[in-house]
Amino acid sequence: MSYILISRDGCHLCEEAEQLLEALRVPFERRSVDEKPEWVAHYSFRVPVLLKGEQVLMEGRFEAARLTKLLRE
């Protein structure tokens, strides 16, 4: 299954999350939070947000150990 990383340009936490996902070889699609009004309403101040389907797996500062554990579940 692929994942969606909801982020915002110029967000350093978003850049860090993207780098971590790439390092862990997680297949993901990067999408702008501003792309959909419902994302703005739900995630604007929470980016980066990693979604698996509709489920939020992680948001804010991503931690490698925690992310690895979540991806295995």
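**Exercise 1. Find the side-chain partner of Ser7 in a polar contact, then describe the setting of Ser7.**

Solution.
Step 1. The side chains of Ser7 and Arg30 form a polar contact of 3.2 Å. Such a contact is a pair of N or O atoms within 3.5 Å; within protein, one must be able to donate a hydrogen and the other to accept it, and residues adjacent in sequence count only if both atoms are side-chain atoms.
Step 2. The model is predicted: local features need pLDDT of at least 70, side-chain atom pairs pLDDT 80 or more, while totals for chains, interfaces and linings use all residues. Numbering starts from 1 along each chain as its sequence is written, and side-chain values use heavy atoms, without hydrogens and water.
Step 3. Ser7 belongs to strand E1. Helices (H or I, at least four residues) and strands (E, at least two) are DSSP runs, numbered from the N terminus.
Step 4. Ser7 counts as buried because its relative accessibility is 0%. Buried means under 20% relative accessible area, exposed over 50%, partly exposed in between (1.4 Å probe, protein chains only).
Step 5. Leaving aside residues up to four places away in sequence, Ser7 touches Cys14, Arg30, Arg31, Ser32, Val33 and Val47. Contact here means heavy atoms within 4.5 Å.

**Exercise 2. Which strands pair with E1, and in which sense?**

Solution.
Step 1. Strand E1 spans residues 3-7, and four of its five residues are buried.
Step 2. E2 (residues 28-32) runs parallel to E1, joined by five bridges. Strands pair if DSSP finds at least two bridges between them. Ile4 faces Glu29 of E2, and Leu5 stands opposite Arg30.
Step 3. E3 (residues 49-52) pairs with E1 in the antiparallel sense over three bridges. Here Leu5 stands opposite Leu50.

**Exercise 3. Give the strand order of the sheet and name its edges.**

Solution.
Step 1. The order is E2-E1-E3-E4, in an open sheet with mixed pairing.
Step 2. E2 and E4 (55-59) are the edge strands; each has a single partner strand, so one side of each lacks a neighbour in the sheet.

**Exercise 4. Locate the cis peptide bond and the non-glycine residue with positive phi.**

Solution.
Step 1. The cis bond joins Val47 and Pro48, with omega about 0°. Pro48 sits in the loop between H2 (37-43) and E3.
Step 2. Arg25 has a positive phi of about 60° and is not a glycine. Its loop lies between H1 and E2.
Step 3. Arg25 counts as exposed because its relative accessibility is 76%.
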